[in-house]
Amino acid sequence: MLNSILQFITMSDNWAVDMINDLWKSKDKIPQYRYDGMRMVFEEMKTLYQSNQVDVKAAIEGDTELHTVIQARHLSIQRNKRCLTAYLYNRLVRLKHLRWKAGSVLSAEVRANLSDQEMEWFQNYNQILAKYMINVDSDGMLDLTLNTEPPKHIYARVRCVKHYGIFETEDGRQFNLCEDSEHYMLRYDCQQLINQGVLKYVPND
């Protein structure tokens with residue numbers, strides 16, 4: 001009986017660990033949300049819990065041989081809970097980092113990899129961040145996601161990585177951002193495009 005239970009526990013743990021490995025291998029990207037893995041781990045945790053409920057009653061009545069099996073199931077449940085928590089938490093950390101790096105609009109590729117709950121979290125985080133910036137600067141000019149590190153110069157030389165078209169700054173200046181074109185811009189104006197991968201800094205000679 002113990003061997004069969006431990007074999008089932010190992011199978012359950014493999015689902016949770018596989019999800020963690022999938023996230024780790026993707027580096028800083030957000031991989032496809034594992035609906036299948038979440039469902040399987042929850043179902044197996046439920047089965048283990050229900051089995052423990054039955055055996056705990058028998059153990060209370062004096063069957064001490066079940067103590068090891070009950071403990072093994074309980075440890076498997078706890079391990080799976082930690083794995084799922086780490087999986088969900090680290091996906092949100094990456095999503096939060098993406099908000100600060102790329103802005104409030106997610107690409108279609110990223111949206112396709114998120115769960116409905118993650119999309120809702122991202123929208124709520126956007127609203128909280130926007131509300132805070134407006135409270136700090138009622139003119140709506142403050143953007144904390146720009147220049148997260150103090151710049152050495154207010155102007156920067158940048159090169160266009162991919163075609164963007166006409167870009168107009170807040171003071172009305174226009175730049176024709178064609179691929180491989182270079183421009184001299186205020187860091188405030190170009191930082192968002194740099195975060196989005198449209199522009200990149202050109203190092204000083």
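Tutor: The protein chain is assigned domain 1 (1-136) and domain 2 (155-201), with bounds that come from an automatic or database domain assignment. The centres of domain 1 and domain 2, taken over C-alpha atoms, are 40 Å apart. This is a predicted model, in which local features need pLDDT of at least 70 and side-chain atom pairs count only at pLDDT 80 or more, while totals for chains, interfaces and linings use all residues. Residues are numbered from 1 along each chain as its sequence is written, and side-chain values use heavy atoms, with hydrogens and water left out.

Student: Why are helix 2 and helix 3 called roughly antiparallel?

Tutor: The axes of helix 2 (residues 35-60) and helix 3 (residues 67-102) cross at roughly 155° and come within 9 Å. Axes are lines fitted to C-alpha atoms, for helices over the stretch in contact, and angles run from 0 to 180 degrees between N-to-C directions. Angles under 35 degrees count as roughly parallel, over 145 as roughly antiparallel, 65 to 115 as roughly perpendicular and the rest as oblique. Helix 2 and helix 3 are therefore roughly antiparallel.

Student: Which residues make the contact of helix 2 with helix 3?

Tutor: Contact means heavy atoms within 4.5 Å. Among the residues that meet are Met38, Phe42 and Leu48 in helix 2 and Ile70, Ile77 and Leu84 in helix 3. The residues of this contact divide into 14 nonpolar, 6 polar and 3 charged. Ala, Val, Leu, Ile, Met, Phe, Trp, Tyr, Cys and Pro count as nonpolar, Asp, Glu, Lys and Arg as charged, and the others, Gly among them, as polar.

Student: What makes helix 3 and helix 5 oblique?

Tutor: The axes of helix 3 and helix 5 (residues 116-136) come within 11 Å and cross at roughly 45°. Helix 3 and helix 5 therefore count as oblique to each other. Leu92, Leu95 and Trp100 of helix 3 and Trp121, Phe122 and Leu129 of helix 5 are among the residues in contact. This contact has 7 nonpolar, 1 polar and 4 charged residues.

Student: How do you know that strand 1 and strand 5 pair?

Tutor: Two strands pair if DSSP finds at least two bridges between them. Strand 1 (residues 155-160) and strand 5 have 3 bridges in the antiparallel sense, so they pair. Cys160 stands opposite Leu199 in strand 5.

Student: What makes strand 4 and strand 5 edge strands?

Tutor: The open sheet of 3 strands has the order 4-1-5, with antiparallel pairing. Strand 4 (182-186) and strand 5 (199-201) each pair on one side only.

Student: How many bridges join strand 2 to strand 3?

Tutor: Strand 2 (residues 165-168) and strand 3 (residues 174-177) run antiparallel and are joined by 4 bridges. Phe167 has Phe175 in strand 3 as its bridge partner. The hairpin of strand 2 and strand 3 has 5 residues between the strands, and Gly172 there takes a positive phi near 95°.

Note on methods
Helices (H or I, at least four residues) and strands (E, at least two) are DSSP runs, numbered from the N terminus.
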